[in-house]
Every structure is written in C-alpha cells, then in structure tokens.
Amino acid sequence: MMGFDFSQIGPALPGLMDGMVLTLKLLLLAVSGGVALGTVLALMRLSSNRLLSGGAKFYVNYFRSIPLLLVITWFYFVVPLIFKWISGEFVAVGAFTSCLVAFMMFEAAYYAEIVRAGVQSISKGQLNAAYALGMTYGQAMRLIILPQAFRKMMPLLLQQSIILFQDTSLVYAVGLMDFLNTARSKGDIVGQPNEFLILAGVVYFVISFGASTVVKRLQKRLAV
Amino acid sequence: MSAMITLKNVSKWYGDFQVLTDCSTAVEKGEVVVVCGPSGSGKSTLIKTVNALEPFQKGEIIVDGMSVGDPKTDLPKLRARIGMVFQNFELFPHLSITENLTIAQERVLGRSKDEARQKGLHYLDRVGLKAHAAKFPGQLSGGQQQRVAIARALSMDPIAMLFDEPTSALDPEMVNEVLDVMVELAHEGMTMMCVTHEMGFARKVANRVIFMDKGAIVEDCAKEEFFGDIKARSERAQHFLSKILQH
Amino acid sequence: MNYNWDWNVFFKSTGIGKEIYLDWFISGLGWTIAVALAGWIIALALGSVLGVMRTLPNKWAARIATTYVELFRNVPLLVQLFIWYFLVPDLLPERAQIWFKQDLSPATSAYLSVVVCLGLFTAARVCEQVRTGIQALPKGQNYAAMAMGFQQAQVYRYVLLPQAFRIIIPPLTSEFLNIFKNSSVASLIGLMELLAQTKQTAEFSANLFEAFTLATVIYFVLNMSLMKFMGWVETRLRVPGMMGGAK
C-alpha cells in the first residue's frame, strides 16, 4: 500500500486554475451554441414541413446514436479540413475550436429533445391566442411560447448542462489542456499522479453535486 | 373463549398528528362487524393495524391469541392467516388470474402446485368466474376483479377476513355482485371486519356496527341498536347517517 | 473539394500480416460488444440491488444507496476510468499489483478496468430507474402482497420487481445503449475497441473520412438493432390489460 502526499498541489494551483477556466469557457460556449442550435432543431422538428421535420429528426437520431468521443475525435480531424475547403487556404483551427464545434453539434441533439418536449407542453390555446392577436409564427414563438417553455424546462436544460460539464473532460482525447488534462500532466510532472487524480475527482464532484443540488431546489420551487 | 380479534386502546400518530385515539373493540369468531364513518375518520387505518400493514404506537392488538404489536411475532405468518380485500382490488397485474390465486398458496403456505390450483379454481368458481382463469386482471371489469380478490384471499383458508372499502372504487352497477359474495360469506359463518358505507349490507348481515370519527371509535353497538333508534345515536353519527342514507 | 474518396480502403492490406482494414473494424466491434455486455451485467445486477435499497423502509440501506448514486453520478466517466485503471491497482496488495501490471496482457488489464468502471458507473443510473419504477407502483400492491403473508424479499421478487421492470424497459433500453456508446472511453486507456481501431485506420490509411463514416454507420446500426431487440423484449413481456397508465 502506498500513502498519499498532497504537498505538491499548492504550487500547482495557478496552472489548475487555467485548466478550469478553459473547461468553463468551453462549457459556457457549448451550452449557448447547443441550446441555440437545439432550439432551431426543435422548431424544425415541430414544423409541418416534412423536409424540415424529417431533417431535424435524422440529425437528432444520428447524434444520439453515436458516442460523443467519436464526434470529438472525428471533428478534430475534420473541422480543419472543412475550414480549408471553405476558405480555400489552410487555417490553423486548433483543438479548442474543433472541440467546441463538436460539443455544440452533439449537445444540440439532446437540447433539441428537451426544447421540443417543453414547447409541446405549452397548450395549443396559447398559440391560437397569439395568432388571434395578429402575431406571426415567429412572434408567437419568440414572445409567447418559448419564454413559457424555457421556464418550464429550465431544470432539464441545467441538468443536461451539468452532464455536459462532466463530458468536457473527454477533450483529453485530443490533448486540449482542460482541467482534467492539466491535473493529469501536473501530477505526472511532480510524480504524484494519483493525488492529482483524486483532486480532479473531488473538484468535479463538488461542482456537479453542488450544481445539481441547486437545480433540484429550483425544480421544487418551479413545481409549486 | 377470547375473541378472534381484540383491540385495546390502540393509538397511532403520523409525526405529531394523531390518526387513531384509544380505539378498543373486539370481533368474536363468526361475527360480522361493519366499521363506518366519514372519510378521514381513520377507519381504513384502523383495519390495516389489525394485520400490521400500518404500525401503531400505543395499545395492543391480539389476533387469534397472537400479539400484533409484539416485535417477536412472525408477521408474515400472522398475515397469511387473515384474508384482506382492498378498495382498489390490488390484484397483481403481471400475473394471470390463476397465478394470482396460487402464488401465495405456493410461496407462503408451501402448498403444491396442483393443490394450490385446485383450491384457487374452487374459489374462483364460487365467485362465478371460473371461465376467466387464464385471463389477466386488466382484462376484467372492476366488479370481477374484486370477486377474484375475494377468491384469492379465501384460497389461503383464512380464519378471518378484513374488507377495506371493497365497493367504493366500483361503478354502481357492479357493487351488488361483490356484496352478494360478501353476504354469502357472512351467512357461512366467516369472521369479518368490513370498512364500508354500504348500510344495506350492514343491515342485512352485520352483528355489530362501529362508527368512527376523527380517529376515535364513537359508537360500537349491536346492529339492531344502531339502526333502531337513530335519535339515540351521537350527533356525529346522526349527521353521517343522514348523509349516507339519502342514497 | 479535392478529397479522393476510396471506399475500397477497407479491403486493402494494413501492411501488418494478412490483415485488411475491415479486420480491424471487426475486432474493434468485438471488443466494444464485450466491454458493453460485461459492464451491463454488473450494472443491471448492482443497480437493481441499489434501486431496491433506496425503496426499503430501512433508513441506512436507503442512505448507502443514495450516497453511491450521488458519488458515481457526479464524477466524470473519464476520471472514474483513470481511477480504476491507474489509481486502484496501486492500492492493491503487492502480489495483486504485480499480477495486474505485469502478468496480465495490457489489453486484459484495460478490459477489466473499463468493465468495472462502466458497470459501477451505469449501476448508479440503473438504480435510479429501478427506484422510479418501484415507486411508480400503487402503494396498495405492497400492502396486498404483505397482507397475503409474503416476506419482504418475496414482496419484491414476486410482486414489485416484475412490474417495475416492465415499466422501466424504455429508460433501461437507453441506458443499455449508453453503455455501448460510453465504452468508447476504453480507447483512451489503450483498448483497441471500435473507436481506437477507427482512429488507427484513419492514421494508417489517410482515408479518414471513410474510416469515420464506417464507424458512425456501425454505431448507428448497432444502436438501431439494439433498440429493435429491446422493443421485441418489451412486446414479449407485455401483459394483456397491464401498462398504459392503468392503476
């Protein structure tokens, strides 16, 4: 049995902070992009246009049936190529951008299902009432339906985002220096990989657990 | 000889809220006792304390010489000897009617498959549903399900039967088919404790009527006395009866 | 676009022995399935026990299960995998350490780690589904089973679990699919499952679009067939008159 020695964690804190900042930046951008794209997909899915709803359905089913890690790895290779085709010349895209695109597109499939359920839970009378006031479809969605739907599905969206927070650690696969990867490499450098791994686990746990406790409380408040 | 079921000063609390207050009564062998009262009066809770489905904190309950509140009592064994019929039937929806009738006979009483089946089908026949033996509960009407539930309880050869509002979840046209089975059972001398609002049933077969309100037994008297002079009843019982008997 | 699509790449030699790239994919798929199925067995068994524990009246059993769920749900899967693969072996007694790190082939030790990791990770999710399923059953089913004299273990085995599992087949299906997708993390500790083989093919052959397209198609088809299979299981287990929100 070996003992643990956490003495090297103090000096490593600034570096770990940088890793966490990258993790949170990735999370924030991925959530915003994912929810935006997810909302568009949900509205497409609910549209009466067969082509739109069929396309959205395929998108959602497709991304929900493949592993996130596959998407991250693939996009790491592919996004630079696509940029090259678009712009005609080679641009250094970087792992961060390719990961961000991967997360946004992947999570959009999951957010789309949440938004769809949220929109469907708003009674049809609300839409009719909005039309009766002379609103267009866009206005009715933007001003009447979506605000109500988002309030209802806020807990689910947040829960999905907590899962996404944990999943950002998969960028390890392409060498991006997020919190986990920083902890791993710092630990290796000072020869205390196990201690740094435990630290990483504890930090992820505290943040996820704390956040989901808050979400649960919010859910109870909204349920009343 | 002592009574089949005896309750002495039974009290029960949910946290600070007292649901049963000092309830005492007895059911003799072969006796039919009807328990009635407004909803929330504690009658369903009281009948569930008899076979320890609901624990109680004070007092004593003796069933056939066994103390229900005693931690040493083998509760599953005690429960296996008392049949119970519930408001929502509570047949097991994933099992066929035959399996519903036999599972406890086999797994609790240790009867052989054949014996359990024979006994189950015998009682199923008695409630007039033999033709439905292979069906599942969800395929039967409410009244039929409740008759199966009675047959299921009888298959265990109980020494007494508890009925917890057996007809209140039924559509009106199905109430009588269930009551008929219960009346027949009473005539055969089964010891019965029934929580019910069916005063016609009480008049026909009850020996005694218990009236509960706010967790306490307010009236406990012979049927003739209970229905004889309404004016002699407590105010709360009068109020309850006036509402019930209009129907 | 100046990319040269070449779908024949899968039938070309890898340059290693007589292997063609398709062989890599087949062997990768084999590992993916082996990881997912073994992990699923652990997850289903442990998750069911934990789910039952969360519904027991015993406070301690419930608390232990709750703590387990919170712990395994709030630490990222990859961190858990590193813990099982790098940290836990260091904590083993010396002989077991030597066995794990030296005697076992790298593939076997990676396989064991990822199976334990995915099994325990998914168990927390299965636990929540099982608990939800049990709690969705009417309370009367528990009462009715107890009233017939079943022991607590029998109540679960014969009455609650058969119903709960039927209710939760759809969410369990999605957990079952998740374990296949999540098994791809094994590529990060060097197990040559489907994703790792895909990456390797992409790097060796430079036909990365074809490689990743084939991998996606395999996952997609796997997903669809498993869903069909579970749908078939669900119909097989369907009980006439049960489900569909029946009370």
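Predicted model: local features only at pLDDT ≥ 70, side-chain atom pairs only at ≥ 80, totals over all residues.
## Chain A on its own

Let's start with the fold.

Of the 224 residues in chain A, 45% count as buried. If you look at contacts within chain A between residues at least 6 apart in sequence, 77% of them join residues at least 24 apart.

The unreviewed UniProt entry carries the annotation "transmembrane region" for residues 20-44, 65-86, 92-112 and 196-215 of chain A. Two of these spans can be set beside the model's geometry. Residues 65-86 of chain A are 86% helix and 0% strand, with end C-alpha atoms 28 Å apart. For residues 92-112 of chain A, the figures are 90% helix and 0% strand, and the end C-alpha atoms lie 31 Å apart.

## Who touches whom

Two pairs of chains are in contact, and chains A and C share the most contacts. Chain A and chain B, on the other hand, do not touch: 23 Å separates their nearest C-alpha atoms.

## The interface between chains A and C

Here 35 residues of chain A are in contact with 34 residues of chain C. Interface size is often expressed as the accessible area lost when the parts come together. Between chain A and chain C the buried area is about 3400 Å², and carbon and sulfur atoms give 76% of it. On the chain A side, A:Ser65, A:Trp74 and A:Trp85 lose the most area to chain C, together accounting for 17% of what that side buries.

What polar links join the two chains? The count is five residue pairs in polar contact, both residues at pLDDT 80 or more. There is also a count of one salt bridge between chain A and chain C: the side chains of C:Glu70 and A:Lys216 meet at 3.3 Å, N to O.

## Which parts of chain A face chain C

Four helices of chain A each give two or more residues to the side touching chain C: H2 (50-64), H3 (68-87), H7 (179-190) and H8 (193-223). H8(A) gives the most, with ten residues. By class, this side of chain A has 23 nonpolar, nine polar and three charged residues.

Notes
Residues numbered from 1 in each chain as written. Chains lettered and ligands numbered in written order. Heavy atoms only, no water. UniProt positions renumbered as here; feature names shortened; annotations may be inferred. Contact = heavy atoms within 4.5 Å. Buried area = accessible area lost by both parts, 1.4 Å probe. Salt bridge = Lys/Arg side-chain N within 4 Å of Asp/Glu carboxyl O. Polar contact = N/O pair within 3.5 Å; in protein donor to acceptor, adjacent residues only side chain to side chain. Nonpolar A, V, L, I, M, F, W, Y, C, P; charged D, E, K, R; others polar. Buried < 20%, exposed > 50% of the residue type's maximum accessible area, 1.4 Å probe, protein only.
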